[in-house]
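Have the model open as you read.

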Amino acid sequence: MSDIWKALADHHAATKSLRIADMMTPERVRKFSAWLDDMYLDISKTSIDDTAFDMLLELVRERDVEGWRDAMFAGEKINTTENRAVLHTALRNLSGGPVYVDGQNVMPGVLETLDRMGEFSTGIRSGTIAAADGQPFTDVVNIGIGGSDLGPVMTTLALAPYHDGPRTHFVSNIDGADIHDNLAALDPARTLVIIASKSFTTIETMTNAAVAVDWLKAALGDSFGAHLAAVSSATGKTAAFGVPAERVFGFADWVGGRYSIWGPVGLPLMLAIGPERFREFLLGGEDMDRHFRTAPPEKNLPVLLAMTGIWHINICNHCSRAIHPYDQHLRRLPSYLQQLDMESNGKGVDRNGNRLQRASGPVVWGQVGSNGQHAFFQLLHQGSQIAPAEFLIAAEGHEPELKYQHDLLVANCLAQSKALMHGRDPAETDDPQREFPGNRPSVTLAYRKLTPRTLGRIIALYEHRVFVEGVIWNINSFDQFGVELGKILALDMLPRVQGTESAEGKDASTVALLNALKTGG
């Protein structure tokens, strides 16, 4: 353990009796908060004191976060296990400044693809790119999974007030109910199907895509291709599937799936809100990139958010992170951040292949507020395990005629963070069942309104937070080998499920489960 890790642990042990509420002063709030335009991050409701804050900043410097950050933006191959650059940030580099990978400026290709997406979206939205019968498309079905689904779903829901394009629908689950229920409500003559798979081999996506293509063929015959588009780099496979070449949008291997919403994977969002608002979304991400690269660590939103994460996981031993967006439009944000964080930092070895000596990524979970208050906040307030809470709240909603309800929403959000911190003094009640211990940590991210630009800032903030934490743990946040084994075993298991191969040689539990599923009891 380095001196700084030991110093943090010793300091925490010596100050565990401190209460967050007792440390709260205007000076503390000023030190433990930061702004980016109208976005405000407050980490003052945590047990980090001045000394711990300064030591965490020292840890950031010791782990060379700024050096790794600069290497990422410069296109160096910081994804060492796959020998790849990490440049999702290039997809939102609207300034067009050069970004080099292996000596080649990738920005002309990025901007050309963005323009192609814009032309296609404008054509679909205006009706100049029409269905096989010459009439406009009214619905879009995006078929993908993981990063090819969670990003488009989350952002499209988040920006629902800005929708003025075709209706969007999303299919991801291999469970046949997903695609059946989506297609059952649609008219194939009015539906565009987007197949999103970089390799065009993802088994869930391609299985669902085959069902969708059969559905189109049954209704449209040989003209089904007019109803297809693809987000993929495997142009040979897309052509064989019947997707017209001009409707295929690819992206490079330096964009990981969970970081891909900024490029062609965001096509459903662009179709829903239009190219101009999609560019505003990209501008928000670029805003946060600029802030991350230029703001001093003590006022740098991603760094501050990462410092709280490191403190909670490694020093306080809080193993989970609860995300609570008090915004109905952000109801899928916890799921999105679950993949972003847990697939990136759910690692057990460092960059050098050594076993980690401390915990890495937390369990990420949550629910939209105020629904969560009536579900699991009981545990947050009175449970035996502490789960640090992260609140997101807008000053303004999109429904001015319902301002009272938005005010009530804001009041609930602020009240919950206050209640977690203060609790209820035992002297206030003689019933131990009604005591609240308080001293439960939380952070709050506030912003004026959930616009496309604000959403871009929020997503980029959490991306960079994950990156900083990964650097501090010395892990590669950009591979995901942990998702592969189950896929391989599933393909091996399928013929046993279908009964075409024997289960002989499988473990006793698997054999028993196969038999139980076969006999139904």
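This is a predicted model: local features need pLDDT of at least 70, side-chain atom pairs count only at pLDDT 80 or more; totals for chains, interfaces and linings use all residues.

Residues are numbered from 1 along each chain as its sequence is written, and side-chain values use heavy atoms, with hydrogens and water left out. Helices (H or I, at least four residues) and strands (E, at least two) are DSSP runs, numbered from the N terminus.

**Helix packing**

- Helix H12 (residues 275-294) packs against helix H17 (residues 452-473) at about 40°, and their axes lie 7 Å apart. Axes are lines fitted to C-alpha atoms, for helices over the stretch in contact, and angles run from 0 to 180 degrees between N-to-C directions.
- That angle makes H12 oblique to H17. Angles under 35 degrees count as roughly parallel, over 145 as roughly antiparallel, 65 to 115 as roughly perpendicular and the rest as oblique.
- Residues of H12 in the contact include Phe281, Leu283, Met288 and Phe292. Among their counterparts in H17 are Leu455, Ile459, Leu461 and Phe467. Contact means heavy atoms within 4.5 Å.
- By class, this H12 and H17 contact has 11 nonpolar, 4 polar and 6 charged residues. Ala, Val, Leu, Ile, Met, Phe, Trp, Tyr, Cys and Pro count as nonpolar, Asp, Glu, Lys and Arg as charged, and the others, Gly among them, as polar.

**Cavities**

- A search of the whole structure finds 4 cavities of 30 Å³ or more. On a 1 Å grid over the protein atoms alone, a cavity is a set of points where a 1.4 Å probe fits but cannot get out, and a pocket is an open set with protein on both sides within 12 Å along at least five of seven lines; lining residues have an atom within 4 Å of a point. Grid points are joined across faces, edges and corners, and a volume is the space filled by probe spheres set on the points.
- The largest cavity holds about 50 Å³. Its lining includes Val60, Arg69, Phe292 and Asn300. Helix H5 (residues 65-73) gives the largest share, 3 residues. The lining has 6 nonpolar, 1 polar and 2 charged residues.
- The second largest cavity has a volume of about 40 Å³. Strand E10 (320-326), helix H14 (333-345) and H17 each supply at least two residues of its lining. The classes are 6 nonpolar, no polar and 3 charged.

- The largest pocket has a volume of about 1300 Å³. It is lined by 43 residues, and the closest to its centre are Ile145, Thr202, Gln480, Val483 and Lys487.
- Helix H18 gives the largest share of that lining, 7 residues. The lining of the largest pocket has 20 nonpolar, 14 polar and 9 charged residues.
- The second largest pocket holds about 370 Å³. Of its 17 lining residues, Gln328, Glu399, Gln405, His406 and Leu409 are the closest to the centre. Helix H16 (residues 403-422) gives the most to this lining, with 3 residues.

**Backbone**

- A cis peptide bond joins Gly369 and Ser370, with omega about 10°. Ser370 sits in the loop between strand E11 (363-366) and helix H15 (377-382).
- Phe200 has a positive phi, near 55°, in a residue other than glycine. Phe200 is in the loop between strand E7 (191-196) and H9.
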